[in-house]
Amino acid sequence: MQNNPASLPRRRLLTGSASALAAAGLASFQGQALAQAAASAAKPLPGYASFKNADAVIVHSSTTIETKRSAFGSSVITPTNQLYVRNNLPTPPESIVADRDAWAVQIDGVKKPAKLTVAELKKMGLETVTMVLQCSGNGRGFFPSKPSGTQWTVGAAGCVVWSGVPVRDVVKALGGVADGMVYMTGTGGEVLPAGIDPKTVMVERSVPAAAMQDALLAWEMNGEPVSLAHGGPLRLIVPGYTGVNNIKYIKQLAFTAKESEAHIMSHGYRISPPGAKGDPSQPSVQEMSVKSWINSPIPEDGNQSAGKVQIQGVAFGGMNAIKGVEVSIDGGKTWKQARLIGPDMGKYAWRQFALQADLPKGTYTLASRATDDKGNVQPETRGENQSGYNNTSWADHAVTVTVA
Ligand SMILES: Nc1nc2c(c(=O)[nH]1)N[C@H]1C(S)=C(S)[C@@H](COP(=O)(O)O)O[C@H]1N2
Ligand SMILES: [Mo]
């Protein structure tokens with residue numbers, strides 16, 4: 001394609017994010033994206049995330065850090081030092097992870113409400129779940145309407161292993177859910193700025209109470225105590241639900257009759273029609289749906305030449321397991337079944353896929369399209385909405401490749 005050769009000195013395979021109709025505007029889009037990436041790369045990692053691999057991430061701001069598309073690699077699990085970060089509020093002080101076992105969470109809306117420490121929770125049950133953690137706004141950067149918010153492309157997501165106590169075990173130990181409670185509402189442990197109505201800033205989200213069946217109160221992530229950046233000492237994990245529903249430094253878990261009245265629940269994270277503000281009548285961003293994207297080949301790979309190439313990426317079904325993934329090398333005109341490779345870590349994890357292709361010199365638009373085990377097929381187009389949520393469009397996630 002028409003990349004600026006000066007910015008890509010050693011690359012023979014030039015690619016870029018593009019719609020299936022990769023065309024005229026692409027060169028300037030790619031130029032912009034590269035300029036943005038260069039500007040972002042210049043930003044330093046914030047202190048609480050200083051352990052991140054600076055080469056593997058894009059620092060959008062001190063509270064938004066994205067995994068580079070080139071950094072997902074060919075393993076199932078996203079290494080902790082490459083996983084994205086998204087905080088709606090300033091990160092709490094390191095002191096909250098100084099004595100992890102002493103952290104306490106108030107459990108309400110059960111027959112016998114109680115305040116339980118992590119030490120006590122550790123005796124109540126243990127489960128491990130591998131799941132895709134994905135920000136609701138992942139893929140926002142592909143919306144032509146340029147919704148405000150972080151311009152994430154694919155890297156506000158990762159596949160992560162969590163260990164903790166099943167919420168259902170905690171609820172059982174406390175006598176069961178109280179009558180009439182139909183939501184599970186988690187509250188983040190951030191200390192809120194004084195003099196502001198807490199509801200306007202607090203991170204508190206409600207999900208249907210049934211989600212407790214697979215939910216965890218987790219103290220371990222990828223084999224280590226959950227870092228402060230990712231919600232330590234204790235995080236609510238709601239598998240299959242978008243990132244925002246997975247409450248970090250959880251200080252209260254309540255079964256409630258109504259959804260939280262916090263702004264982040266009532267007006268934030270709603271699927272609003274373009275031009276409209278969020279309000280409680282609109283669908284909330286909760287369960288994820290089937291999605292996939294290609295992580296290689298992409299421009300950062302460099303030094304690709306004509307011939308055999310393993311087109312590879314990741315696919316997940318949100319609430320459902322992945323059944324299959326098709327790959328196209330012609331912008332979606334024709335499709336071939338890819339192989340699912342690597343271990344199956346359960347329905348909430350992502351699957352790797354690969355298709356071996358023989359690519360002579362030329363230009364190709366590579367796309368992937370996943371199907372879940374309920375028969376849901378990843379759509380071609382995004383669902384337009386004001387804030388750029390839930391982008392699962394295969395066309396938006398396609399990459400245009402010139403093999404030289
Ligand atoms: N307490 C609390 N929990 C939170 C948030 C937050 O700001 N505070 N951000 C949410 C959002 S929008 C996302 S996408 C995920 C990000 O998780 P990560 O930073 O571990 O990747 O955490 C969610 N849980
Ligand atoms: Mo998010």
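Keep in mind that the model is predicted.

**Around the ligand**

Let's start with ligand 1, which sits in the largest cavity. Its shell is made up of 20 residues, and the closest of them are Asn88, Glu190, His230, Arg235 and Lys248.

| Residue | Part of the residue | Atom of ligand 1 | Distance |
|---|---|---|---|
| Asn88 | backbone N or O atom | oxygen | 2.7 Å |
| Glu190 | side-chain N or O atom | nitrogen | 2.7 Å |
| His230 | side-chain N or O atom | oxygen | 2.7 Å |

So how much of ligand 1 does the protein cover? On its own, ligand 1 has 530 Å² of accessible area, and the protein covers 100% of that. If you're turning the structure on screen, Asn88 makes its contact through the backbone, while Glu190 and His230 use their side chains.

**Cis peptide bonds**

Now for the backbone. Most peptide bonds are trans, and most residues other than glycine have a negative phi. A couple of places here go the other way on the peptide bond. Gly232 and Pro233 are joined by a cis bond, with omega at about 10 degrees. You'll find Pro233 in the loop that runs between strand E12 (224–225) and strand E13 (235–237).

Pro297 belongs to the loop between strand E15 (291–296) and strand E16 (307–316).

**Positive phi angles**

Asn222 isn't a glycine, yet its phi is positive, at about 50 degrees. To spot Asn222, go to the loop between strand E11 (216–221) and E12.

Tyr269 is another residue other than glycine with a positive phi, in this case near 55 degrees. Its place is in the loop between helix H5 (263–266) and E15. Is Tyr269 buried or exposed? Tyr269 counts as buried because its relative accessible area is 8%, and the cut-off for buried is under 20%.

Terms used: Residues are numbered from 1 along each chain as its sequence is written. Chains are lettered from A and ligands numbered from 1 in the order in which they are written. This is a predicted model: local features need pLDDT of at least 70, side-chain atom pairs count only at pLDDT 80 or more; totals for chains, interfaces and linings use all residues. Side-chain values use heavy atoms; hydrogens and water are left out. A residue is near a molecule or strand if one of its heavy atoms lies within 4 Å of it. A polar contact is a pair of N or O atoms within 3.5 Å; within protein, one must be able to donate a hydrogen and the other to accept it, and residues adjacent in sequence count only if both atoms are side-chain atoms. Accessible areas come from the Shrake-Rupley method with a 1.4 Å probe; for residues, only the protein chains shown count as cover. On a 1 Å grid over the protein atoms alone, a cavity is a set of points where a 1.4 Å probe fits but cannot get out, and a pocket is an open set with protein on both sides within 12 Å along at least five of seven lines; lining residues have an atom within 4 Å of a point. A molecule sits in a cavity or pocket if more than half of its atoms lie within 2 Å of its grid points. Helices (H or I, at least four residues) and strands (E, at least two) are DSSP runs, numbered from the N terminus. Buried means under 20% relative accessible area, exposed over 50%, partly exposed in between (1.4 Å probe, protein chains only).
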